[in-house]
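Open the model in a viewer and keep the sequence panel beside it. The stops below say what to select next and what is there.

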Amino acid sequence: MPYSLLDLSPVPEGSEARDAIRNTLELAVKAEGWGYRRFWLAEHHNMPGIASAATAVLIGLVAQATSRIRVGAGGIMLPNHAPLTVAEAFGTLATAFPDRIDLGLGRAPGGDGAVIRALRRDPMADSFPQDVVELLDYLGPERPGAAVRALPGEGTNVPVWILGSSLFGAQLAAHLGLPYAFASHFAPGDLDRAIAIYRERFRPGPWNDRPQVMLAINVFAADDAEEARYLRTSMQLAFARLRTGMPGKLPRPVRDLDAEIGPQMRRMVDEALKISAVGNADDVGVQLRDLIATYRPDEVILTGQIHDQQARLRSFEIAADVMKAI
């Protein structure tokens with residue numbers, strides 16, 4: 001079972017974006033040694049706690065710091081960009097780092113209405129399917145007679161994934177014959193139906209001859225199970241604050257989460273983050289095996305925002321050891 005890593009380049013309280021980027025590079029180098037197949041970064045805007053807004057730039061830094069691991073976007077929010085611009089950026093990356101670059105595409109804006117306006121995008125436009133097809137054309141076989149070409153870009157055949165948390169992305173990925181990654185780490189509501197629809201409706205094509213599902217799972221692992229649950233509270237707090245319109249840097253963990261956010265918000269957060277494995281190596285192994293048995297993914301991508309960098313490294317190291325055993 002291939003296992004990959006999704007990093008949001010979190011900015012912990014008490015640190016700055018430059019620290020987050022340094023931490024991301026350190027994690028990527030370690031992840032390569034631990035056997036992770038991919039290291040993906042996600043586009044978010046106007047968020048003090050996330051340093052991966054310029055996703056393609058950070059992907060280039062990670063690819064430069066590593067040598068074998070695939071590096072990519074999980075994902076680029078395509079409504080924010082012209083397809084040609086994305087093709088040129090990822091075509092450049094694929095030219096510099098051959099056979100190592102992935103491109104996951106999402107339909108969300110990666111920010112609020114103010115972000116959409118700042119990006120000069122039309123909030124009413126919804127041309128995602130057409131934009132994906134245009135982008136695939138730019139990255140596909142060379143087109144010498146085309147009026148517009150992605151140079152560099154064409155002929156690189158950068159693997160394109162559709163990312164989603166609803167049935168729309170599953171249907172589109174199936175129709176185009178593309179691999180599909182479900183955002184189950186924060187929006188698991190449609191997980192079962194989305195995977196079923198994708199597999200049932202998949203149409204083989206030039207990009208894939210069979211359905212390929214990636215399952216996103218939060219992992220909070222430590223040598224002590226109670227410590228792992230404590231580390232997890234940083235992400236629970238951050239999610240609660242985001243839901244209440246108060247995004248900030250990644251909070252320090254707390255011993256009494258209910259005292260911070262209340263039991264009702266705690267239930268909402270835990271439901272959103274229920275696709276998780278938390279505890280020591282044995283606990284995490286049991287939970288990951290159960291999730292894999294339930295959803296039968298072709299690959300899992302692990303994530304988890306932990307305030308302390310050394311604890312974060314240890315969590316992903318434990319997770320890698322567990323996945324090797326699986």
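Helices (H or I, at least four residues) and strands (E, at least two) are DSSP runs, numbered from the N terminus. The model is predicted, so local features need pLDDT of at least 70 and side-chain atom pairs count only at pLDDT 80 or more, while totals for chains, interfaces and linings use all residues. Residues are numbered from 1 along each chain as its sequence is written, and side-chain values use heavy atoms, with hydrogens and water left out.

**Whole chain**

Start with everything selected. The chain has 12 helices and nine strands. Along the principal axes, its C-alpha atoms fill a box of roughly 65 × 40 × 35 Å. The radius of gyration, taken over C-alpha atoms, can be set against a globule rule of 2.2 Å times the number of residues to the power 0.38. For 326 residues a compact globule would come near 20 Å, and the chain has 19 Å, which agrees.

Now switch to a surface. Accessible areas come from the Shrake-Rupley method with a 1.4 Å probe, and for residues only the protein chains shown count as cover. The accessible surface of the chain is about 14000 Å², and 52% of it belongs to carbon and sulfur atoms. Residues are called buried under 20% relative accessible area, exposed over 50%, and partly exposed in between (1.4 Å probe, protein chains only). Buried residues make up 54% of the 326 residues in the chain.

A contact means heavy atoms within 4.5 Å. Among contacts between residues at least 6 apart in sequence, 72% join residues at least 24 apart.

**Strand β3**

Select residues 70-77, which form strand β3. Arg 70 lies in this strand and is buried, with a relative accessible area of 18%. Which side chain does the side chain of Arg 70 meet in a polar contact? The partner is Asp 102, at 2.9 Å. A polar contact here is a pair of N or O atoms within 3.5 Å; within protein, one must be able to donate a hydrogen and the other to accept it, and residues adjacent in sequence count only if both atoms are side-chain atoms. Leaving aside neighbours within four places in sequence, the contacts of Arg 70 include Arg 37, Arg 38, Phe 39, Asp 99 and Pro 159.

Move along the strand to Gly 75, which also belongs to β3. Its relative accessible area is 0%, so Gly 75 is buried. The peptide bond joining Gly 74 and Gly 75 is cis, with omega about 10°. Not counting residues up to four places away in sequence, Gly 75 touches Leu 41, Ala 42, Glu 43, Gly 104 and Leu 163. For a distance across the model, pick Leu 237: Gly 75 and Leu 237 are 162 residues apart in sequence and 23 Å apart in space, C-alpha to C-alpha.

Select residues 55-65 for helix α2, whose buried residues are Thr 55, Leu 58, Ile 59, Gly 60, Val 62 and Ala 63. What covers them includes α1 (17-34), β2 (38-41), β3, α3 and β4.

In the loop between β2 and α2, find Asn 46. Its phi is near 60°, a positive value in a residue other than glycine. Asn 46 is exposed, with a relative accessible area of 60%.

**Helix α5**

Next take residues 128-139, helix α5. The expected span of a helix is 1.5 Å times one less than its number of residues. For the 12 residues of α5 this gives 16 Å, and the end C-alpha atoms are 16 Å apart, which agrees. The buried residues of α5 are Phe 128, Asp 131, Val 132, Leu 135, Leu 136, Tyr 138 and Leu 139. They cover an arc of only 160° around the axis (taken from the directions from the helix axis to the C-beta atoms), which puts them on the same side of α5. An α-helix has 3.6 residues a turn, so residues three or four places apart point the same way. Colour α3 (83-96), β4 (101-106), β5 (160-164) and α6 (167-176) to see what the buried residues of α5 pack against.

**The loop between α5 and β5**

Pro 152 lies in this loop, between α5 and β5. The peptide bond from Leu 151 to Pro 152 is cis, with omega near 0°. Asn 157 lies in the loop between α5 and β5 as well. Asn 157 is not a glycine, yet has a positive phi of about 50°. With a relative accessible area of 39%, Asn 157 is partly exposed.

**Last stop: His 185**

His 185 sits in the loop between β6 (180-182) and α7 (191-201). Is His 185 buried or exposed? Its relative accessible area is 12%, so His 185 is buried. Show its contacts beyond four places in sequence: Leu 6, Ala 216, Ile 217, Asn 218, Ala 272, Leu 273 and Thr 303.
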